[in-house]
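This briefing is meant for a reader who is meeting the structure for the first time. Please keep the sequence and the 3D view at hand while reading the points below.

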Amino acid sequence: MSEIDLPPEAIADPRTFTDPAKLNGLLARLRKDDPMPYVEAQGYAPFWLVTRHADLMAIERDAKQFINEPRQAMLPLAYEAKAREAAGGQDTKDFMRNLILMDGDEHLAYREITQSYFTPKGLEAILGDVERLAGEFIGRMAEKNGSCDFAEIAMPFPLRVIMSMIGVPPEDEPMMMRLTQQTLSSQDPEFGAAEGGARNAMLEMYQYFQAIISDRRANPTDDLSSTVVNAKVNGEYISERDVFGYFNIIATAGHDTTSYSLTGGLLALLQNPQEMARLRADPALMPLAVEEILRWTNPVKHFVRTAVTDCEVAGKQVKAGDYLMMSYPSASFDEAVFGDPFKFRIDRKPNRHLAFGTGPHVCLGQYLARFELTAFFRELLERVEHIELDGEPRFVEGSFVGGVKYLPVRYRMR
Ligand code: HEM
């Protein structure tokens, strides 16, 4: 079946995301002919698929009418049933709730707890570390004899950055990587999480973080973890469940998203050598190139909102309780906003991509991610004289978080 024939239900199929041409073809057709279809995919709760930039912005910015509770992603119902069974009938939110699933004043109060760490000013304190780590990880390419799977360089770098912010030692990082992949990319067979796997990964992470939580409670410092552990909302310490929720979201949202923009960004530069050459010739273009890489890669494929009352969106009658899937890859390629959206242009300006979402839930880590991308690509272009593809890249099978997971390259260092 060609991408032209793919039905809207294909958006729920993890395999659609292994082929960007297929995905982009489906979404482009929908934006043109049927921009907000009601999708009834077998094994999933039904949902409205929001494909246009303007509709997605309007929904995310109207956070009173379109709330985040109770669902963050459209994953198979069987996963949810298995997860509930494994938890003796408990709902996930009974033991873990995070920013993504909060709304209104509560969400603002919880976001406020760590906000100052993630502003450009707050991040100045770790910029030197980010640059040093970028140098260290690109340096690993030199040890690999001129060829490697670039994912082995790009995946662990953002992991090290965020884990050092939380206080997880390097030796525990492989475990954190596995737990994150099982949580966010649980549909990919290679990441090994069977049904209910995301839930089990969360339980394992919960146990792991207990040690850090107890330590920061006994010996508080001014680091990010101490701030979360000892945070108060409305004069009360936040609950154990919500402390864990915070650790969980920062530990999982904070790295493989960024890694997929590194692998996907390099792939885009390799497939568009004239853009790579322009960037080498004029490094001042880096901030614009980073935005284009984010637009191009969209590592978060969707989040969900739930309608509070009956309403009309994009000419469709949405009922109270209906789910709406925010398709960030679709909005970031919307022809109504981006000229020539399927051209990778490192100097695209303006570039109002929605890779980080918008409204009150806009990505907390967006400036950190930008710092990481900038430091990494700067270092790459400085140290690697020539680089080319050395085989077929492979993409994550998954409709939630993903991107290029295997990127064979051949190169010459300076
Ligand atoms: C390229 C990398 C990244 C991408 C593409 C990305 C994307 C997103 C998106 C689409 C959202 C939801 C926005 C919405 O609902 O409108 C989000 C939320 C979030 N992201 Fe990121 N993210 C990235 C990196 C990071 C990093 C490095 C952190 C580190 C802390 C992070 C932490 C979070 C958190 C905590 C939220 C929830 C915010 C809330 O609900 O208030 N993300 N991200």
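Predicted model: local features only at pLDDT ≥ 70, side-chain atom pairs only at ≥ 80, totals over all residues.

Two bridges join β1 to strand β2 (residues 47-50), and the two strands run antiparallel. The points that follow take up the sheets, a pair of packed helices, the ligand and the chain as a whole.

**The five-stranded sheet**
- Strands β1 and β2 belong to an open sheet of five strands, in which the order is β1-β2-β10-β7-β3 and the pairing is mixed.
- The edges of this sheet are formed by β1 (38-39) and β3 (66-67), each of which has a single partner strand, so one side of each is left without a neighbour in the sheet.
- Helix α2 (residues 53-61) lies across β2, β3, β7 (302-307) and β10 (323-327), and the helix runs at about 125° to β10.

- Strand β4 is joined by three bridges to strand β14 (residues 408-413), the two running antiparallel, and Asp 149 stands opposite Pro 408 in β14.

**Helices α6 and α17**
- Helix α6 (residues 120-142) packs with helix α17 (residues 366-383) at an angle of about 35°, their axes being 9 Å apart, and the crossing is right-handed.
- Among the residues that make this contact are Leu 123, Leu 127 and Val 130 of α6, together with Leu 368, Phe 371 and Phe 376 of α17.
- The residues of the contact divide into 12 nonpolar, one polar and four charged.

**Around the ligand**
- The ligand is surrounded by 29 residues, of which the closest are Gly 254, Gly 357, His 361, Cys 363 and Gly 365.
- Two or more residues of this shell come from each of the elements α12 (240-253), α13 (256-271) and α17.
- By type, the shell divides into 18 nonpolar, nine polar and two charged residues.

**The chain as a whole**
- The secondary structure of the chain comes to 17 helices and 14 strands.
- With a radius of gyration of 21 Å, close to the 22 Å that the globule rule gives for 414 residues, the chain is as compact as a globular protein of that length.
- Along its principal axes, the C-alpha trace spans about 60 × 55 × 40 Å.

Note on methods:
Residues numbered from 1 in each chain as written. Axes fitted to C-alpha atoms, helices over the stretch in contact; angles between N-to-C directions. Helix = DSSP H or I, 4+ residues; strand = E, 2+ residues; numbered from the N terminus. Left-handed = near helix turned anticlockwise from the far one by under 90°. Contact = placed C-beta atoms within 7 Å. Nonpolar A, V, L, I, M, F, W, Y, C, P; charged D, E, K, R; others polar. Pairing = 2+ DSSP bridges. Near = placed C-beta within 6 Å. Rg over C-alpha atoms; globule rule 2.2 N^0.38 Å.
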